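Subject: Structure handover

Hello,

Here is the structure for you to take over. My notes follow below it.

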Amino acid sequence: MLAKYGNISAWGQAAEERMLSWNFNTFGAWSSAPVINSKKLAYTIYLDFSGKNFLSRAFVDVFDPAWNDSIVSIAKSLCGPARNDPYLLGYYSDNEVPSQD
């Protein structure tokens with residue numbers, strides 16, 4: 001990527017222009033920030049509330065006050081800066097939430 005575009009910002013701009021030329025109107029949930037920050041296409045934010053528990057396949061204790069504090073902190077840091085962005089479609093709290101067998 002760096003050999004072709006020189007820096008990540010130039011790559012992001014090229015990726016965005018390619019998507020627009022293909023008539024895409026939305027970035028995927030896990031798109032790179034340099035592309036999303038261009039503000040020409042709608043996007044979503046992935047919050048990842050379950051975090052490392054995904055790897056252990058343990059479901060989080062949603063009644064644990066520490067978990068509540070954790071998600072409030074995540075939400076403030078990720079949702080706050082984008083709250084007035086007209087290109088923001090919404091948020092994913094998690095994906096493929098683990099469950100115990």
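The model is a predicted one, in which local features need pLDDT of at least 70 and side-chain atom pairs count only at pLDDT 80 or more, while totals for chains, interfaces and linings use all residues. Residues are numbered from 1 along each chain as its sequence is written, and side-chain values use heavy atoms, with hydrogens and water left out.

Confidence and layout

pLDDT is the predictor's confidence in each residue, on a scale from 0 to 100. Its mean over the protein chain is 82, and 82% of the residues reach 70 or more. Where pLDDT is low, the predicted coordinates should not be read in detail.

The protein chain has five helices and two strands, in the order α-α-α-β-α-α-β from the N terminus. Of its 101 residues, 27% are buried. The classes are set by relative accessible area: buried is under 20%, exposed is over 50%, and partly exposed lies in between (1.4 Å probe, protein chains only).

Core

A nonpolar core is a set of buried Ala, Val, Leu, Ile, Met, Phe, Trp, Tyr and Cys residues joined through side-chain atoms within 4.5 Å. The largest one has 13 residues, of which Y43 and I45 touch the most other members. β1 (43-46) and α5 are the elements that give two or more residues to this core. The largest share, three residues, comes from α5.

F59, V62, F63 and V97 form a nonpolar patch on the surface, with about 440 Å² of accessible area together. Patch members have over 30% relative accessible area and no salt bridge; nonpolar side chains (Val, Leu, Ile, Met, Phe, Trp, Tyr) are joined within 5 Å, and like charges within 9 Å. A salt bridge is a side-chain nitrogen of Lys or Arg within 4 Å of a carboxyl oxygen of Asp or Glu. The areas come from the Shrake-Rupley method with a 1.4 Å probe, and for residues only the protein chains shown count as cover.

F63 sits in the loop between α4 (53-56) and α5 (65-79). Its relative accessible area is 76%, so F63 is exposed. V60 lies in the loop between α4 and α5, but V60 is buried because its relative accessible area is 11%. From V60 to S50 the C-alpha distance is 6.4 Å, with the two 10 residues apart in sequence.

Aromatic pair

Rings of Phe, Tyr and Trp (its six-membered ring) pair if their centres lie within 6.5 Å; planes under 30 degrees apart count as stacked, over 60 as edge-to-face and the rest as tilted. A search of the whole structure finds one such pair. The ring centres of W22 and F24 are 6.2 Å apart and the planes are at 55°, so this pair is tilted. W22 counts as exposed at 53% relative accessibility, whereas F24 is partly exposed at 43%.

Positive phi

N23 is not a glycine, yet its phi is positive, near 65°. N23 is in the loop between α2 (8-21) and α3 (33-36), and is exposed with a relative accessible area of 69%. D48, also not a glycine, has a positive phi of about 60°. D48 belongs to the loop between β1 and α4 and is partly exposed, at 30% relative accessible area.

Regards

Methods. Helix = DSSP H or I, 4+ residues; strand = E, 2+ residues; numbered from the N terminus.
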